[in-house]
Amino acid sequence: YGIPLSFGAGVKLNFTDRWSMGLGVNYSVLTSKFSGKYTKVEDGIASVPITSTVHNTLHYIGVPVNAYYNIINRDFINFYTYAGAAVEKCIANRYEMQTTPVIHHEEDVKGLQVSANLGMGVEFLLGKHLGIYIDPSLRYYFDSGQPKSIRTAQPLMLGFEMGLRFNL
């Protein structure tokens, strides 16, 4: 399995000096590589099976929601803990078989990937309403019928996210 990669942007709504809520949009890419066998069937006749390396790429769009508690909240930096959940939809599930010619295959993915997280982070404020954040976390991916990936093989994962946050 490759290292999952996510990009995102979020909005943070402050309720008090200590408590706030964040809502965002994330894009994630998961990759894996395995050896597989492909047999083409045309008009009920199977061709000779081909064994090759198969690359699988999963693309997800997700919506994370988090509750934040500020430990240190200054004019230029905010150190906090948080807990929350995310719901993600796989928008592309692509397979590429390394043969000559290369064979491409796509499959639809039903359902949603649901996860829960707990972490702490730091936000460097660039102004009153904009910050750059870094959030290391522990995240658990619930079994929800998604394609085999690092998330199904190892559902409890250490995460590291960074992105832009708009504070309202």
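## The largest nonpolar core

Eight residues in all, namely Leu30, Leu58, Tyr60, Cys90, Val109, Tyr141, Ile150 and Met157, make up the largest nonpolar core. A nonpolar core is a set of buried Ala, Val, Leu, Ile, Met, Phe, Trp, Tyr and Cys residues joined through side-chain atoms within 4.5 Å, and buried here means under 20% relative accessible area, while exposed means over 50% and partly exposed lies in between (1.4 Å probe, protein chains only). In soluble globular proteins, nonpolar side chains tend to be buried together.

This is a predicted model, in which local features need pLDDT of at least 70 and side-chain atom pairs count only at pLDDT 80 or more, whereas totals for chains, interfaces and linings use all residues. Residues are numbered from 1 along each chain as its sequence is written, and side-chain values use heavy atoms, with hydrogens and water left out.

## Lys89 in strand 6

Lys89 is found in strand 6, which covers residues 77-97; strands (E, at least two residues) and helices (H or I, at least four) are DSSP runs numbered from the N terminus. With a relative accessible area of 31%, Lys89 is partly exposed. Once its neighbours within four places in sequence are left aside, Lys89 is in contact with His59, Tyr60, Ile61, Val109, Lys110, Gly111 and Leu112.

Which backbone oxygen lies 2.6 Å from a polar atom of the side chain of Lys89? That oxygen belongs to Val109, and the backbone oxygen of Gly111 lies 3.5 Å from a polar atom of the Lys89 side chain. Lys89 and Ile72, in turn, are 17 residues apart in sequence and 34 Å apart in space, taken from C-alpha to C-alpha.

## Ile50 in strand 5

Ile50 lies in strand 5 and is partly exposed, with a relative accessible area of 34%. Leaving aside its neighbours within four places in sequence, Ile50 is in contact with Gly36, Lys37, Tyr38, Met97 and Thr99. Ile50 and Thr100 are 50 residues apart along the chain, and their C-alpha atoms are separated by 11 Å.

Beyond its neighbours within four places in sequence, Arg165 is in contact with several residues, including Gly10, Lys12, Tyr68, Tyr80 and Tyr133.

The structure holds two cavities of 30 Å³ or more. On a 1 Å grid over the protein atoms alone, a cavity is a set of points where a 1.4 Å probe fits but cannot get out, a pocket is an open set with protein on both sides within 12 Å along at least five of seven lines, and lining residues have an atom within 4 Å of a point. Grid points are joined across faces, edges and corners, and a volume is the space filled by probe spheres set on the points. The largest cavity holds about 180 Å³ of space, and of the 20 residues that line this cavity, Pro64, Asn66, Tyr68, Tyr133 and Arg165 lie nearest its centre. Strand 2 gives the largest share of this lining, five residues.

The largest share of the pocket lining, six residues, comes from strand 10, and by class the lining has 13 nonpolar, seven polar and four charged residues.

Terms used
Contact = heavy atoms within 4.5 Å. Polar contact = N/O pair within 3.5 Å; in protein donor to acceptor, adjacent residues only side chain to side chain. Nonpolar A, V, L, I, M, F, W, Y, C, P; charged D, E, K, R; others polar.
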